[in-house]
Amino acid sequence: MQGTKVVRPFPFFRAGARASQPQLAKPILVLEDVYKFFRPDQPTLRGVNLKVERGEFAFITGPSGAGKSTLLKLLYRELMVDEGRVLFCGRDIGRLTDKSIPFLRRNLGIVFQDFRIIDHWTVFENIAVALEILSMPQRLIRSRVAEALERVGLNGRGDEQTSNLSGGEKQRVAVARAIVPEPALILADEPTGNLDPHLAIDILTLFEEINSTGTTVLFATHDHSLISKRDHRLISIDEGRVVEARQGLKDWPGSGIHTLVG
Amino acid sequence: MEVKSAMTRARRGLREERRLYIVAVSSLAVAFLCLGATLLGVTNLDAAADRWGQSGRITLFLKDDADPQDIAQLRVVLEGLSDVREVTHVTPEQAKASFLEEADVGADLSSLPKEVFPASLEVSLVNGVTRERSESIATRLGQFRAVSDVESYRSWFQKLDDLLWGARMLAAGLALLVMFCVIAVIGNTIRLAVARRRQEIEVMKLCGATNGFVRGPFVLEGMFQGFASALLAVLALLVGYLALHESVDSTLAALTGSRVVFLGVWTWLLLLIGGALIGAIGSALSVRRYLAV
Ligand SMILES: Nc1ncnc2c1ncn2[C@@H]1O[C@H](COP(=O)(O)OP(=O)(O)O)[C@@H](O)[C@H]1O
Ligand SMILES: [Mg+2]
């Protein structure tokens, strides 16, 4: 594989490292001609080019099986690109060593469709885990978690058992876990897929509030009704290629919604 | 901070997997108990050998027709030796009497002629005389005219040495076996624990946890299991020792003149530390294998 050649990890993704000024000036995310193959003859992503600026909110859409999750997995290095480059803050994360991947992920907040909440932990514990990883002192963890709970609308509910929460509340806990280390980029993979429509809007609104404080958000969904309610940038994956619209469905280039969500 | 967090999470792990861990710890405690009991045997054999080896004895059997003057001269020579503490003359009558008293046989042996019991000089050596030294003294004394035979208890010591060596080998073999048991049992337990915590491991990894962060608690949990097993075994052994040593002591004292001793401090400390260490190794191996982070 191409990505395994360079052994030296980038200092930016080491413990305690901060992005330098030139790094901050660069787009937060650039994909250059990215290919991902699961079968040799049929790439899931074929030549994807993409640039995401700091503070953007973008939907990633496309029919089921289009490669939305695959694209996000390339970003948090669950998967490696087969061709092309993925630059996060100007760094090629395709070449990160296994040892550096944790430090890359500390700059990301990831939210999934299935919440990935530990049921036998309390709400507090589920959120605090993201800070314990950073070896943060308990006192600081408590105040940061309380703050995150407030942001997701679960003020003072840290001691509750997560198994008693509704789906919408669980997803709020997951969002709190994603934002509590104050990551630069939030990756949400169908975060509303398991929720009722009105709860889906609530969660989308929550992500927009997070975005309004400066955090970049990539929101993958194939839910047309959700996309149509907003004017965010639209990144659509179709047959492995990206088709884009700056302002939601309003200026969609193709022949309507059908090319977009199948 | 890392260690503290790992300990907190290990405590949570121990609480959550307590059923699993109790089974592992109790079976390993039995293994450690076997090892501990063997070590206790070695310790006591060692102590006995030590005591006997220190209180060296030589018995000079005298010829039936020995000249009393030769015997007296021999005594003078013996008492002049710096290695000799005490010399006692045992007459055939005394030898017979003490034999009849000690030998608790059913048959009536009092009719045995006293000629069966030769007269002897019981030589007690001072403490700290080495076995080689007592051997060479015995050889020299054997050359005296009045002496028919010398007993330096050499073959007896040899037997004791052999026994001790055998016991040590047994203990070493058992230690090796217990080590493998601990590694296998704890390794397997940790593998199960890893499988059961798959979800939280995945969450931690997605949040950016390093390998060490994820693995740390499992290693601590394995370490704790090893330590707890060894501790249980040592405690059980101590309870057994305290309950039994008085009754065993009196029998043993009559038999060999020694008392039962418990494991030395270093021995049981080594058991505990070794248990913890091997537990940690077992879980570390398992975690390396089953927790590909
Ligand atoms: N680990 C994998 N191995 C083989 N094929 C995969 C793997 N992950 C995804 N795929 C395939 O890649 C395509 C895109 O999947 P995915 O990214 O999950 O789509 P989406 O999230 O848009 O629904 C699908 O055809 C899927 O079968
Ligand atoms: Mg998907």
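These legends walk through several close-up views of a predicted model.

Residues count from 1 along each chain as its sequence is written, while chains are lettered from A and ligands numbered from 1 in the order in which they are written. Local features here need pLDDT of at least 70, side-chain atom pairs count only at pLDDT 80 or more, totals for chains, interfaces and linings use all residues, and side-chain values rest on heavy atoms, with hydrogens and water left out.

**View 1. Chain A has nine helices and 10 strands.** Helices (H or I, at least four residues) and strands (E, at least two) are DSSP runs, numbered from the N terminus. Of the 262 residues in chain A, 53% are buried, meaning under 20% relative accessible area with a 1.4 Å probe and protein chains only; exposed is over 50%, and partly exposed falls in between.

**View 2. Strand 1 (residues 29–39) and strand 2 (residues 42–52) of chain A run antiparallel, joined by seven bridges.** Strands count as paired if DSSP finds at least two bridges between them. These two make a hairpin, with two residues between them. Look for Leu31(A), which stands opposite Leu50(A) of strand 2. Strand 1 of chain A also has five bridges to strand 4 (residues 83–88) of chain A, again antiparallel. There, Tyr35(A) has Glu83(A) as its bridge partner.

**View 3. Strand 3 (residues 57–61) of chain A has five of its five residues buried, so it is largely enclosed by the rest of the structure.** Phe57(A), Phe59(A) and Thr61(A) point one way, and Ala58(A) and Ile60(A) the other. In a regular strand, side chains alternate between the two faces of the sheet. Strand 3 of chain A runs parallel to strand 8 (residues 216–220) of chain A, with four bridges, and Phe57(A) partners Val217(A). Four bridges also link strand 3 to strand 9 (residues 233–238) of chain A, likewise parallel; here Ala58(A) partners Arg233(A).

**View 4. The largest nonpolar core holds 84 residues.** Such a core is a set of buried Ala, Val, Leu, Ile, Met, Phe, Trp, Tyr and Cys residues joined through side-chain atoms within 4.5 Å. Ile127(A), Val145(A), Val175(A), Phe207(A), Phe219(A) and Phe218(B) touch the most other members. Helix 2 (residues 18–54) of chain B gives the most to this core, nine residues in all. Apart from this core lies another, of 33 residues, among them Leu108(A), Ala220(A), Ile237(A) and Leu206(B).

**View 5. The largest cavity contains about 120 Å³ of space.** A cavity is a set of points on a 1 Å grid over the protein atoms alone where a 1.4 Å probe fits but cannot get out, and lining residues have an atom within 4 Å of a point. Grid points are joined across faces, edges and corners, and the volume is the space filled by probe spheres set on them. Of the 14 lining residues, Gly109(A), Ile110(A), Ala178(A), Leu206(B) and Cys207(B) are the closest to the centre of the largest cavity. Strand 6 of chain A gives the most to this lining, with four residues.

**View 6. The second largest cavity has a volume of about 100 Å³.** Its lining includes Trp121(A), Arg9(B), Glu200(B) and Phe218(B). Helix 1 of chain B gives the most to this lining, with four residues.

Notes. 1 Å grid on protein atoms, 1.4 Å probe; cavity = no way out; pocket = protein on both sides within 12 Å on 5 of 7 lines; lining within 4 Å.
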